[in-house]
Amino acid sequence: MSTAPRRPARVVILGGGFGGLYAALTLQKELAGSDLAEVTLVDRRNYFTFTPLLPEVAAGTLGASHVCYPFRSLSKRGRLHFIQGEVREFGLDEHVIWIENLAVPYDYLVVALGSAPSFFGNHQLESHGLTLTSVADSLAIRNHVIRLFERAAVEHSPVRRRELLTVAVAGAGPSGVEIVAELHHLIHSTLLKYYPVDASEVRMLLVDGGDHILPHFARELTGTGQTLLVKRGIDVRLKTRVTGAGDDYVELNGGEEIVPTRTLIWTGGTAPSSALTRLPAAKTRRGAVLVDEFLRLPDHPEVYVIGDGSHVMDRRHERPYPPVAPVAIREGIRAAANIVNALEGRAGEPFQFDFTGNIVGLGGGMALVNFLGITFHGRLGWWVYRIAYLLRLVGAKNKALLVLTLGLNALFDRDISCETLPERAVCLGGEISGDAGSGDTTSAPGGGESSHGLRGATRERFAPPGVCTGGANESSPEATP
Ligand SMILES: Cc1cc2nc3c(=O)[nH]c(=O)nc-3n(C[C@H](O)[C@H](O)[C@H](O)COP(=O)(O)OP(=O)(O)OC[C@H]3O[C@@H](n4cnc5c(N)ncnc54)[C@H](O)[C@@H]3O)c2cc1C
C-alpha cells in the first residue's frame with residue numbers, strides 16, 4: 001500500500017510591517033532545513049518600512065534607502081515567497097485569500113495589516129492634512145516644507161510670508177512630537193542658512209486635546225519633553241483640538257482660533273487597516289480584531305491576527321496591549337512560534353509581553369528615554385536612541401548607510417533640493433490648470449487610509465494652488481525678483 005507524500009503546510013502572512021516581517025523571519029529560522037511548511041508573505045509594497053525613522057526622512061536627515069528593506073532580499077534566503085498586491089477578500093471557510101484577482105490558499109494565516117490615519121470622519125482634515133505613515137508621505141512633507149520656503153523667499157507681503165512659514169502639527173503622541181522637533185531642526189539648522197527668511201517669521205505649533213504631550217510616557221519625561229519643545233520656540237497647545245482646515249488655514253476648537261497656514265501635519269489618530277473591515281470576525285468599536293490569548297480568531301484557530309489591527313488583552317493588567325512596534329514584533333514572533341508548535345504537534349503558548357521602555361527623538365541630537373523605569377534625556381538619550389534603532393534596523397546595508405549618513409550629516413548640511421512639480425501645477429503668482437488636484441489620488445475606500453502614500457502626493461499637488469492663486473493683489477512673476 002503506498003501513501004501519498006505529505007505536502008508542506010501553506011502559511012500565508014498578510015502585511016510585511018513589524019508584525020508580519022518578524023513572523024516571516026521567525027518561520028524562516030524555525031523551519032530552516034525542514035519541509036513542514038512553505039511561507040508566503042503578501043504586501044501592497046515590495047519593501048518593509050522602518051516607521052520610527054520616518055520623521056527623520058521627512059526632515060531630510062535620512063533618506064528612503066535607510067528605512068526600506070526589500071522583501072525579495074528575504075525570499076532570496078529561501079523558503080519564503082513574496083506576492084506584491086492588495087489584500088481584497090478573506091474566504092475563511094474556504095481557507096483562501098484574494099490578493100486582487102489572485103486566489104491564494106492557506107492552511108495557516110497571519111493577518112498583520114497594521115493601521116492607517118483616522119480623521120474621525122472630518123473631511124476637511126482628511127483632504128488638507130499631510131499624513132506620516134510611509135516613505136512617500138515623509139518625502140511629500142519634506143518637499144512641501146522646502147517648497148514653501150522657496151515661495152516665502154520671493155513673497156513680499158509679511159502676512160503671507162508668515163502664513164507660508166507656519167507649520168501646524170496635530171497630535172502630540174510620539175509621531176507628532178518627533179515630526180515637529182525634526183522639522184524645527186531642519187528649518188533652524190539648515191533652511192534658515194540658505195533662505196532670506198528671518199527666524200522670527202517661522203511659527204511651529206503642536207496641538208493636542210490632552211493635557212500633556214506623549215500620553216503613554218513616564219510623566220517626568222513628558223514634562224521635560226514639553227519644556228524642551230517650548231524652549232525651542234515651538235508653540236505647544238494642549239487641551240486644544242484641530243477641528244477644521246482649508247487651503248490656507250487651520251481651525252482650532254471649532255473656530256475659537258484660526259491659524260493662517262499652508263501646512264497641517266496630521267498625527268492625531270489612527271484606526272486599523274480598512275482591509276480588516278472585510279475580515280468576518282468580532283471587532284472593537286475602532287475596528288481592531290478580537291483574538292484569544294494565543295492571538296487566534298476564536299472561530300478559526302488557524303487564523304492569527306497581530307499588530308496594530310488586533311485587540312489583545314493583557315490579562316495581568318486588564319488592559320489591551322497598545323498599538324506600538326515592540327508589541328507587533330513580539331506578536332509576530334509568538335504567532336509564528338505557535339504555528340511551528342501546531343505543525344510539530346505541540347500545544348501553543350499564550351502571548352505575554354513586558355515593556356522595557358520607550359524612546360522619542362527630539363531632533364538636534366536629543367532624545368527622551370525611559371529604560372526599565374530609568375528616565376533620561378539630552379545627548380545620552382540621543383545615543384541610546386541611535387543605538388537602539390541601529391540594532392533594530394533591518395538589513396546590514398541599511399545599518400551601514402545609517403552610520404555613514406550620520407557621520408556625513410555632522411560634516412555637511414542636509415540636502416535641500418526638492419522634487420519639482422509639473423510646471424502647470426506650480427506657478428509663481430499664476431493660475432493653476434484644471435486637473436491639478438483632480439482627485440486621481442484619492443484615499444483608499446474605508447476612510448482614512450493613505451494607500452501607497454498617495455495622500456501625501458495629493459497634498460503636493462493640492463498645496464501649490466493655494467500658494468500661488470495669483471490675482472491682481474498677489475505676488476506675480478513681474479513682482480518677483
Ligand atoms: C511615523 C511613525 C512613527 C512611529 N514611531 C514608532 C516608534 O518610535 N515606536 C513604536 O513602538 N512605534 C512607532 N510607530 C508605530 C508602529 O509603526 C506600529 O505600531 C507598527 O508598525 C505596527 O506594526 P504592524 O505589523 O501591525 O503594522 P505595519 O507595520 O503598519 O504593517 C502593515 C503592513 O501591511 C501592509 N498593508 C496594509 N493594508 C494592506 C492591504 N490591504 N493589502 C496589502 N498590504 C497591506 C502595509 O503596506 C504594511 O507593510 C510609528 C508609526 C508611524 C507611522
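Me: What do S6 and S7 form, and which residue in the turn has a positive phi?

Reply: This is a predicted model. In it, S6 and S7 form a hairpin, with four residues between the two strands. His 95 lies in the turn and has a positive phi of about 60 degrees.

Me: What makes S5 and S21 edge strands?

Reply: The open sheet in question has six strands in the order S5-S2-S1-S9-S22-S21, and its pairing is mixed. Strand S5 (80-84) and strand S21 (296-297) each pair on one side only, and they are the edge strands.

Me: How many bridges join S21 to strand S22?

Reply: Two bridges join S21 to strand S22 (residues 300-305). At least two are required for pairing, so S21 and S22 count as paired. They run antiparallel, and Leu 297 has His 300 in S22 as its bridge partner.

Me: Which strands of the sheet does H1 touch?

Reply: H1 packs on the sheet and touches strand S1 (9-14), strand S2 (37-43), S5 and strand S9 (108-111). The direction of H1 makes about 160 degrees with that of S2.

Me: What describes the packing of H1 and H10?

Reply: Two packed helices are described by the angle between their axes and the distance between the axes. For H1 and H10 the angle is about 35 degrees and the axes are 7 Å apart. The crossing of these two helices is right-handed. Residues making the contact include Phe 18, Leu 21 and Tyr 22 of H1, and Ala 328, Ile 329 and Ile 333 of H10. By class, the contact residues are 14 nonpolar, four polar and two charged.

Me: In what order do the strands of the three-stranded sheet stand, and what is its pairing?

Reply: That open sheet has the order S15-S16-S17, and the pairing is antiparallel. Its edge strands are strand S15 (242-246) and strand S17 (257-260), each of which pairs on one side only. On average, neighbouring strands are turned by 20 degrees against each other, direction ignored. Strand S16 (residues 249-252) and S17 are paired over four bridges, with Glu 251 opposite Ile 258 in S17.

Me: Why is the ligand said to lie between domain 1 and domain 2?

Reply: Domain 1 (9-49 + 69-117 + 271-343) and domain 2 (123-270 + 357-467) both contribute residues to the shell around the ligand, so the ligand lies between them. There are 32 residues around the ligand, and Gly 15, Gly 17, Gly 19, Gly 114 and Gly 307 come nearest. Helix H1 (18-30), helix H2 (54-58), helix H8 (174-194) and helix H10 (325-343) each give two or more residues to the shell. By class, the shell has 15 nonpolar, 12 polar and five charged residues.

Conventions: Residues are numbered from 1 along each chain as its sequence is written. This is a predicted model: local features need pLDDT of at least 70, side-chain atom pairs count only at pLDDT 80 or more; totals for chains, interfaces and linings use all residues. A residue is near a molecule or strand if its C-beta atom, placed from the backbone, lies within 6 Å of it. Ala, Val, Leu, Ile, Met, Phe, Trp, Tyr, Cys and Pro count as nonpolar, Asp, Glu, Lys and Arg as charged, and the others, Gly among them, as polar. Domain bounds come from an automatic or database domain assignment. Axes are lines fitted to C-alpha atoms, for helices over the stretch in contact, and angles run from 0 to 180 degrees between N-to-C directions. A crossing is left-handed if the near helix is turned anticlockwise from the far one by less than a right angle, and right-handed if clockwise. Two residues are in contact if their C-beta atoms, placed from the backbone, lie within 7 Å.
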